[in-house]
Amino acid sequence: MNTVLILGASRGIGFEFARQYVQEGWRVLATARDDEGCAKLQAVGAEAFKLDVAQPSSVSGLSWRLDGEKIDLALYVAGVMDRNSPQTPPTQQAFDELMHANVLGAMQALPQVAPWVAEAQGTFAFISSRMSSLALTDAGNAALYRVSKAALNMVVRTAPFDFPNVTCLALSPGWVQTDMGGDAAPLTVDKSVAHMRATLQAVSGAEKRASVQGQFLNYDGSTLPW
Ligand SMILES: NC(=O)c1ccc[n+]([C@@H]2O[C@H](COP(=O)([O-])OP(=O)(O)OC[C@H]3O[C@@H](n4cnc5c(N)ncnc54)[C@H](OP(=O)(O)O)[C@@H]3O)[C@@H](O)[C@H]2O)c1
């Protein structure tokens, strides 16, 4: 049985990943920040435990929690949005909150989780955003969010040097109908996640690693420019 670990799965894209992988017969380990989120995940058949990615003391217990696991797929999904443009620079508090969830948590989770993914020669995908692409930037809205996801992309680029037996990817889900994406988004969460699962399946396995290692993929499997 395949095992997937989903970090940040209380709602939205992370929850849908948990739901669909359980339905496909995977063993699903999924995290939420509170008991309510964990109960929701358990109700759909996931093994849930509490994790706040923005709290180093919480993330530092991950490796211990995963001891002995073989993780075929790890997904860093937790994320926070800020919609301000460069005209309204972030307060220190807003900067810290967003950068801690979107970047620090990913950097701290990587060495805690990657060794257990390496055991399965698996994949560690970090949910980034098309809005992080320097090449595709055509607006200034959500500047801090774009900065944070561009930083997350560099986490993906540097990770393979220390974890060569793990396929490391940045993955854009598209613009998706969630609390973050809003109702106007063109993609439903089930469609986005179904596409991402197919994309992840297509690149899984050590033999495919060289062709996708450290890449930025769109939900449909196409490559995005950094
Ligand atoms: N929706 C889109 O159109 C879109 C587009 C591009 C990229 N993304 C990315 O996709 C990912 C999921 O977004 P979404 O649309 O599903 O957003 P969402 O509905 O707002 O869900 C955000 C998730 O992140 C979790 N989270 C936030 N801070 C956390 C922390 N400190 N520790 C643990 N979990 C934390 C939330 O948990 P709580 O319930 O505890 O708050 C929630 O489960 C994010 O990384 C986002 O940037 C989304």
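View 1. Helices (H or I, at least four residues) and strands (E, at least two) are DSSP runs, numbered from the N terminus, and the expected span of a helix is 1.5 Å times one less than its number of residues. At His 100, H5 bends by about 50°, the bend being the angle between axes fitted to the seven residues ending there and the seven starting there. The model is predicted: local features need pLDDT of at least 70, side-chain atom pairs count only at pLDDT 80 or more, and totals for chains, interfaces and linings use all residues. Residues are numbered from 1 along each chain as its sequence is written, and side-chain values use heavy atoms, with hydrogens and water left out.

**View 2. The open sheet of 7 strands.** The strand order is S3-S2-S1-S4-S5-S6-S7, with parallel pairing; two strands pair if DSSP finds at least two bridges between them. Strand S3 (47–50) and strand S7 (215–218) are the edge strands, each pairing on one side only. From one strand to the next the twist averages 20°, with axes as lines fitted to C-alpha atoms and angles running from 0 to 180 degrees between N-to-C directions.

**View 3. Strands S1 and S4.** Strand S1 (residues 3–7) pairs with strand S4 (residues 73–76) in the parallel sense over 4 bridges. Ile 6 stands opposite Leu 75 in S4.

**View 4. The largest pocket.** Its volume is about 1300 Å³. A pocket is an open set of points, on a 1 Å grid over the protein atoms alone, with protein on both sides within 12 Å along at least five of seven lines; a 1.4 Å probe is used, and lining residues have an atom within 4 Å of a point. Grid points are joined across faces, edges and corners, and a volume is the space filled by probe spheres set on the points. Of the 49 lining residues, Val 77, Gly 79, Val 80, Thr 178 and Met 180 are the closest to the centre. Helix H1 (12–23), strand S2 (27–32), helix H2 (35–43), H5 and helix H6 (143–162) each supply at least two lining residues.
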